[in-house]
Amino acid sequence: MARVILALGNPGKAARTQKHNAGQIVLQKVIDDLGVDMQPKKKSVLSIMTPEMWRTLCEERSEYDKFKELSFHRTYLAQSSVYMNLSGSVAASYVAKICDGDWSKLMVVHDDLDLPVGVVKLRGLKQHDLTRLTHNGVRNVAVAARGQPFYRLRIGVDRGRPLGHLDTLSLHHLGLHHPTCMLASLLFAADTPPDKLLTAINTLKGTSATAHFAHNA
């Protein structure tokens, strides 16, 4: 069964470097690093990674060599094309059409004001408490999921900094952390159990020391 990695954000040229689009900024850097072609047929689908493409990536890059024997799935890398608080409809459409209604095959990548710039946290499969979700986009996705769990990759943008556009330093930090997001995407594509996924990410040589991963954080 295919997987979907969906980056949340707001549409429009003016929003491209805003805090709330941090998830899309990081995912775009992953796609640039993968060197895969854009998919013109569907605007919100940035690229599609086949099992063969994931395997080739592992064979060509020494840091991923130990994962080349994993069984990978076709993975859609996409960005939401609607405003943040309407993200649930986009997520639900992908899950229905690509994941046969299985929300555990979805990983949402989004900004997080509660994390410092440069910190990344992976939230594993756990039911979301709507009363505790402060991110409008994630809450809308959780409502659409109707209690079914999905993965979240939280990209820190720092509540203490003014809202609006990310500064040069912030954008630089997001760029530095795309390798950890790349690995999370690779292992998610292989349907790696959450505990093994996190262990692999934490022990990978070359992962930025300032990146922090926490299961169910």
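Q: How are helix 3 and helix 4 set to each other: parallel, perpendicular or oblique?

A: This is a predicted model, where local features need pLDDT of at least 70, side-chain atom pairs count only at pLDDT 80 or more, and totals for chains, interfaces and linings use all residues. Residues are numbered from 1 along each chain as its sequence is written, and side-chain values use heavy atoms, with hydrogens and water left out. The axes of helix 3 (residues 87-98) and helix 4 (residues 136-145) cross at roughly 45° and come within 7 Å. The two helices are therefore oblique to each other, as angles under 35 degrees count as roughly parallel, over 145 as roughly antiparallel, 65 to 115 as roughly perpendicular and the rest as oblique.

Q: Which residues of helix 3 and helix 4 make the contact?

A: Helix 3 uses Ser87, Gly88, Ser89, Ala91 and Ala92, and helix 4 uses Gly137, Asn140, Val141 and Ala144. Contact means heavy atoms within 4.5 Å.

Q: Switching to helix 1, which residues are buried?

A: Ala22, Gly23, Gln24, Ile25, Val26, Leu27, Val30, Ile31 and Leu34 are buried, meaning under 20% relative accessible area with a 1.4 Å probe, protein chains only.

Q: And what comes just after helix 1?

A: Gly35, with a positive phi of about 75°.

Q: How many residues has the largest nonpolar core?

A: It has 38 residues, and Leu34, Tyr64, Leu153, Ile155 and Leu186 have the most contacts inside it. Helix 6 gives the largest share, eight residues. A nonpolar core is a set of buried Ala, Val, Leu, Ile, Met, Phe, Trp, Tyr and Cys residues joined through side-chain atoms within 4.5 Å.

Note on methods. Buried means under 20% relative accessible area, exposed over 50%, partly exposed in between (1.4 Å probe, protein chains only). Helices (H or I, at least four residues) and strands (E, at least two) are DSSP runs, numbered from the N terminus. Axes are lines fitted to C-alpha atoms, for helices over the stretch in contact, and angles run from 0 to 180 degrees between N-to-C directions.
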